[in-house]
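This briefing sets out the fold, the chain pairing and the DNA-facing surface of one structure. Please consult the sequence and the model alongside the points that follow.

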2 protein chains.
Amino acid sequence: MSHTPLGLRQAQKQKTRQALLDAALGLLEEQSLSSLGLREVTRAAGIAPTAFYRHFHSTADLGVALVEEALGSLHPMIRATVVDPGDSEERIARAVGLITRHVQAYPAHVRFIARERHGGVQPVRAAIGAQLARFTEEVKAALVEYPESAGWSDEDLLMLAELYVDQMLMTASLFLEASSEEARERVSQVAARQLRLIGIGRRHWLT
Amino acid sequence: MSHTPLGLRQAQKQKTRQALLDAALGLLEEQSLSSLGLREVTRAAGIAPTAFYRHFHSTADLGVALVEEALGSLHPMIRATVVDPGDSEERIARAVGLITRHVQAYPAHVRFIARERHGGVQPVRAAIGAQLARFTEEVKAALVEYPESAGWSDEDLLMLAELYVDQMLMTASLFLEASSEEARERVSQVAARQLRLIGIGRRHWLT
DNA sequence: CAGTTGCGCTTACAGTTGTTCACTGACTGG
DNA sequence: CCAGTCAGTGAACAACTGTAAGCGCAACTG
């Protein structure tokens, strides 16, 4: 993303910073952030415990950075999906497919977000909430542009956008829990059906 | 619930057991189960650390017991709500009101469930999942009895029930985060709208 | 009534935790 | 080239953790 030339030193620093983030993400697959120890992370990252402070004030701080990493780069993708051309059935298939691929590509990130969204660390919850609010706002902005949205109040558009965002997250989390290929197929089917039902409600909203 | 006569001794035991559960629930307001220490709990409950083992194998075990306490007694209520008489608008108001009151009466329980549903302790996640699956099944069973459900496939009924259950939990969690009375009012409004939209989709599901 | 059960207690141990401090040595800018 | 910066180190700290062993004493059983 941002490639300011970057001296050798800063490059190394960002490398170990990334090592810390990766190590933490790995450890967080089977515990939550509030129980993640600083020493535990540095051990997994292969550095001395005290070096941790060169990068983060605390594990909560690291958590906020992880939120950025997991959700920060997702905004263009969201907008592209909702704004997609095609009839509603095609859009649904595309959205579900996109979630599927994202979960398979970054399972640990998705798990982290689902877990810490309601987790025990306030700043992290706040960071996730802020990012999701941005998503909702973007989805809403995309919805406005549809002809079907004529006559919709701002509040109604927002509640629909929230419904979509929550549904998206719900589906992603269900994908994580699905172990077999059949289970994942079922999650896809159900998610598509639910999106279809919401779409129907949307078309008939203004009686 | 179950009042087998119960000697003095077992009564005292259940009393300290409850003290442990209450203490844990209190501590879990600002952390997650995976970081909850056994000593921490016993300290808050006012008993010696080792006495913990008389009641639970581990904190994960205690977590499972908390799931039972939080969700076990909720089944009759669920069924009564969904099966409620009245037109759909009345039912929506009743459902939202019921969630509101439940969250205000047992905020810590609701927070615990929302937090640990995707939390870092597998057995607890499993216990919550099982209870929610029961809820879903009950909602589905209630839906079948509506005349509007004629012609619905089993899978469609299940996906609708899942949508309702997830929505219910989502709303409950939003209530917790809402600090002011206005914020709570807004959550109510949005939840009602979303249920309305889902209801519309439901009525027009079979083309 | 004696004998047993079992809840909660104290003491103890080995590990782990977050944080401090002073340090080394490679990179950096003038 | 040289003085300064700063990412990472190692040792040390008090505080904390889960768990084991065994005791006292009140509540049960027959």
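**Architecture and assembly**

Read from one end of its sequence to the other, chain A runs α-α-α-α-α-α-α-α-α. The model is predicted. Chain B superposes on chain A with an RMSD of 0.1 Å, and 28 residues of chain B are in contact with 28 residues of chain A.

**Fold of chain A**

- Chain A contains 9 helices and 0 strands.
- Along the principal axes, the C-alpha atoms of chain A occupy a box of roughly 65 × 40 × 30 Å.
- Chain A has 207 residues, of which 38% count as buried.
- Where contacts in chain A link residues at least 6 apart in sequence, 66% of them join residues at least 24 apart.

**Relation between the two chains**

- Two copies of a chain are related by a rotation about an axis and a shift along it.
- Here, superposing chain B on chain A takes a rotation of 180° with 0.0 Å of shift along the axis.
- The two copies are therefore related as by a two-fold rotation axis.

**Interface between chain A and chain B**

- The interface pairs 28 residues of chain B with 28 residues of chain A.
- On the chain B side, helix H6 (107-117), helix H8 (154-177) and helix H9 (181-203) each contribute at least two residues.
- The side of chain B that touches chain A comprises 10 nonpolar, 11 polar and 7 charged residues.
- Because 100% of the interface residues of chain B are also interface residues in chain A, the copies meet through the same surface.

**Packing of H8(A) against H9(B)**

- Two packed helices are described by the angle between their axes and the distance between the axes.
- Helix H8 (residues 154-177) of chain A packs with H9(B) at an angle of about 75°, and their axes are 10 Å apart.
- Since angles of 65 to 115 degrees count as roughly perpendicular, H8(A) is roughly perpendicular to H9(B).
- By class, the residues in the contact of H8(A) with H9(B) are 5 nonpolar, 1 polar and 3 charged.

**Surface near DNA strand C**

- There are 18 residues around DNA strand C, and those that come nearest are Gly7(A), Gly37(A), Thr16(B), Ile47(B) and Ala48(B).
- Helix H1 (8-27) and helix H2 (38-45) of chain A, along with helix H1 (8-27) of chain B, each supply at least two residues of this surface.
- The residues of the surface near DNA strand C comprise 6 nonpolar, 7 polar and 5 charged.

Technical notes: Residues are numbered from 1 along each chain as its sequence is written. Chains are lettered from A and ligands numbered from 1 in the order in which they are written. This is a predicted model: local features need pLDDT of at least 70, side-chain atom pairs count only at pLDDT 80 or more; totals for chains, interfaces and linings use all residues. A residue is near a molecule or strand if its C-beta atom, placed from the backbone, lies within 6 Å of it. Helices (H or I, at least four residues) and strands (E, at least two) are DSSP runs, numbered from the N terminus. Ala, Val, Leu, Ile, Met, Phe, Trp, Tyr, Cys and Pro count as nonpolar, Asp, Glu, Lys and Arg as charged, and the others, Gly among them, as polar. Two residues are in contact if their C-beta atoms, placed from the backbone, lie within 7 Å. Axes are lines fitted to C-alpha atoms, for helices over the stretch in contact, and angles run from 0 to 180 degrees between N-to-C directions. Angles under 35 degrees count as roughly parallel, over 145 as roughly antiparallel, 65 to 115 as roughly perpendicular and the rest as oblique. Copies are superposed by least squares on the C-alpha atoms of residues with pLDDT of at least 70 in both. A residue is buried if 20 or more other C-beta atoms lie within 10 Å of its own, exposed if 12 or fewer, and partly exposed in between; C-beta atoms are placed from the backbone.
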